[in-house]
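Me: I'm new to this one. Could you walk me through how to read it?

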Amino acid sequence: MKRMLLEIGIVNKVISHRFGLVALLAFVVMCISFVTRIVLAVISASEIGLLQLPGIFLIGFFYDLINAVYFTIPLVVYLWLVPTKIFQKQWHRFVLYGLFSLSTFILLFNAVSEFFFWDEFSSRFNFIAVDYLVYTTEVLGNIRQSYPIEWIIVALLVITIAIVYVLKPFIKQSSKIQDGFKHRSLWAVSLLAIPLLCFFVISNKLHRFSKNMYANELAGNGMYELFSAYINNELSYEQFYQTREGENSFELMR
């Protein structure tokens, strides 16, 4: 099966140079994000309508792609700076396997975290999740009391190994390609310009396409929302706090 995939022309074209690994990692990001959205949508099936599904998955695909652009930045920089002599060494393949393993594990861990966060707040990551990261000691203690963390990590490691094993021939093939520094710089600058452009042009408000809060949250991307919440330092008051009509509130106050 893996040999058949390698023989597909478009796959060979994509991985015809070392930056094909960026596309490969972006593909992993997109797949895990897509599966996460499906799981969360199934959990909240009673809260969303069929007419909202196209918006959820189309807008969701867009945000997953934006998240993939940001997530692959470290790999782009690494592939840009590592010399060809080192890149083509046989032992360096294990460095690439390690990078992909770490990246895949982070993505899977994020997906599981999103599942538990959604179960509690019916929302993607937001500033509450940022607070969780700030007060790490208390939160980790509560999480370890509530969930079998050790078994979850073991399961994620097994899945990570399985995914990287499937990707192994693609990674191996890309490591054989020779790329000069000028050629690499052209690719790297072009790829790094994309997240820079996204940072100034794209906001986290585009996924609010419906009056249904569940549909809007499903159309977002959890990892993207986490960093957006950290940068913007805000939380929707109307969504997470009980409110009443202004006239009733003033009448009660009087």
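Reply: Let's start inside: the largest nonpolar core has 32 residues, and L21, L24, L75, L79, F100, L107 and I171 have the most contacts inside it. A nonpolar core is a set of buried Ala, Val, Leu, Ile, Met, Phe, Trp, Tyr and Cys residues joined through side-chain atoms within 4.5 Å. Buried means under 20% relative accessible area, exposed over 50%, partly exposed in between (1.4 Å probe, protein chains only). In soluble globular proteins, nonpolar side chains tend to be buried together.

Me: Which elements give two or more residues to this core?

Reply: They are α3, α4, α5 (73–81), α7 and α10 (149–174). α3 gives the most, with nine residues. Helices are DSSP runs (H or I, at least four residues), strands too (E, at least two), numbered from the N terminus. The protein has 15 helices and zero strands.

Me: What should I know about the source of all this?

Reply: This is a predicted model: local features need pLDDT of at least 70, side-chain atom pairs count only at pLDDT 80 or more, and totals for chains, interfaces and linings use all residues. Residues are numbered from 1 along each chain as its sequence is written, and side-chain values use heavy atoms, with hydrogens and water left out.

Me: Which residues is I171 in contact with, leaving aside neighbours within four places in sequence?

Reply: Contact means heavy atoms within 4.5 Å. For I171, the partners are L21, L24, L96, Y97 and F100. There is also a second, separate core of eight residues, with A41, I48, Y214 and A215 among them.

Me: Where is S122 found?

Reply: S122 sits in the loop between α7 and α8 (127–134). S122 has a positive phi of about 50° although it is not a glycine. S122 is buried, with a relative accessible area of 18%.
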